[in-house]
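Thanks for coming. I have one structure to go through today, so please keep the view open while I talk.

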Amino acid sequence: MILRLGKAFLGKSAMPAAALATLMVAAPVGTLQADQPPLSPALQDLWVTLLPPVEAPQRSFTLVRDGVEQSIALEDLSGDVLLVNFWATWCAPCIHEMPSLDQLQADLAEEGLQVVAISVDRGGLSQIEPFFVDLRLDDLAVYLDPKGELARDLDVRGLPSSYLIDRNGQVVGAMQGAYDWAADDAKALIRHYLDQPVRQQEARR
């Protein structure tokens, strides 16, 4: 699905009552560009490509490294392609999806992908650590957003929800619902953006 934004729904501060669905209108037939990502039949029913892309929000969230929590923002990860996934331990489809996200991180990290799987569990690290151990999620870093602030900035409506951010810090697409991210069609989608260059900083301002 290709959707065109009437105006950006993301930014440095969340739009208080903005609904993503009310800001997007379908692109007319014949307006698709040659640089659109490859989508399998399965992904065509789920994936939303944003035209134009919009700047990722810069709300801080938490990275846990060696048991120590530290504040981080998506901007700190710029230069890589980011698959930002919101999940929770009480969400059965999320738990089913997590091993494929872990495998995707293992497979594409050297190409410049970072899977940013952010838990919105209110219990924080103590609540999600057992799941990482039980599911053997060895390649995913631990990210937390217990108050759901970044999730609100991205207008997350359900879990799991995934957003793809290119090397220039632009949200280029999104999907609600679980998917097999280790599948070939998911990798083809992500590699489309991995192959795109980083724009010069001057051009981004």
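Start at serine 100, which is buried at 10% relative accessibility. A word of caution before going on: this is a predicted model. Serine 100 sits in helix α3. Leaving out residues up to four places away in sequence, serine 100 touches Tyr179, Asp180, Trp181 and Ala182.

What does tryptophan 181 touch, beyond residues up to four places away in sequence? The list is Trp47, Leu83, Glu97, Ser100, Leu101, Leu104, Ser162, Met175, Ala186, Lys187 and Ile190. Trp181 also belongs to the largest nonpolar core, a set of 58 residues. Val84, Phe86, Leu113, Trp181 and Ile190 are the residues with the most contacts inside that core.

Next, leucine 164, in strand β9, residues 161–165. Is leucine 164 buried or exposed? Leucine 164 has a relative accessible area of 0%, and because the cut-off for buried is under 20%, leucine 164 counts as buried. With neighbours within four places set aside, leucine 164 is in contact with Trp47, Val81, Leu82, Leu83, Gln170, Val171, Val172, Gly173, Ile190 and Tyr193. Trp47 and Ile190 were also on the list for tryptophan 181.

On to the cysteines. There is one disulfide, and this disulfide joins cysteine 91 to cysteine 94, with 2.3 Å from S to S. In general, a disulfide is a covalent bond between the sulfur atoms of two cysteines. The link between cysteine 91 and cysteine 94 is right-handed, with 80° about the S-S bond. Both ends are covered: cysteine 91 is buried at 4% relative accessible area, and cysteine 94 is buried at 0%.

Now helix α4, residues 125–134. Its buried residues are Leu125, Ile128 and Phe132. Why do they fall on the same side of α4? They cover an arc of only 80° around the axis, so they share one side of the helix.

After α4 comes arginine 136, which has a positive phi near 55°.

β4 and β5 run antiparallel and are joined by five bridges. Leucine 63 has glutamine 70 of β5 as its bridge partner. The hairpin has two residues between the strands, and aspartate 66 takes a positive phi there, near 55°.

Last, the chain totals. There are seven helices and 10 strands. Of the 205 residues, 51% count as buried. Among contacts with a separation of 6 or more, 72% are between residues 24 or more positions apart. The accessible surface of the chain is about 10300 Å², and carbon and sulfur atoms account for 50% of that surface.

Terms used. Residues are numbered from 1 along each chain as its sequence is written. This is a predicted model: local features need pLDDT of at least 70, side-chain atom pairs count only at pLDDT 80 or more; totals for chains, interfaces and linings use all residues. Side-chain values use heavy atoms; hydrogens and water are left out. Helices (H or I, at least four residues) and strands (E, at least two) are DSSP runs, numbered from the N terminus. Buried means under 20% relative accessible area, exposed over 50%, partly exposed in between (1.4 Å probe, protein chains only). Contact means heavy atoms within 4.5 Å. Accessible areas come from the Shrake-Rupley method with a 1.4 Å probe; for residues, only the protein chains shown count as cover. A nonpolar core is a set of buried Ala, Val, Leu, Ile, Met, Phe, Trp, Tyr and Cys residues joined through side-chain atoms within 4.5 Å. The arc is that of the directions from the helix axis to the C-beta atoms. Two strands pair if DSSP finds at least two bridges between them. A disulfide is a pair of cysteine sulfur atoms within 2.5 Å.
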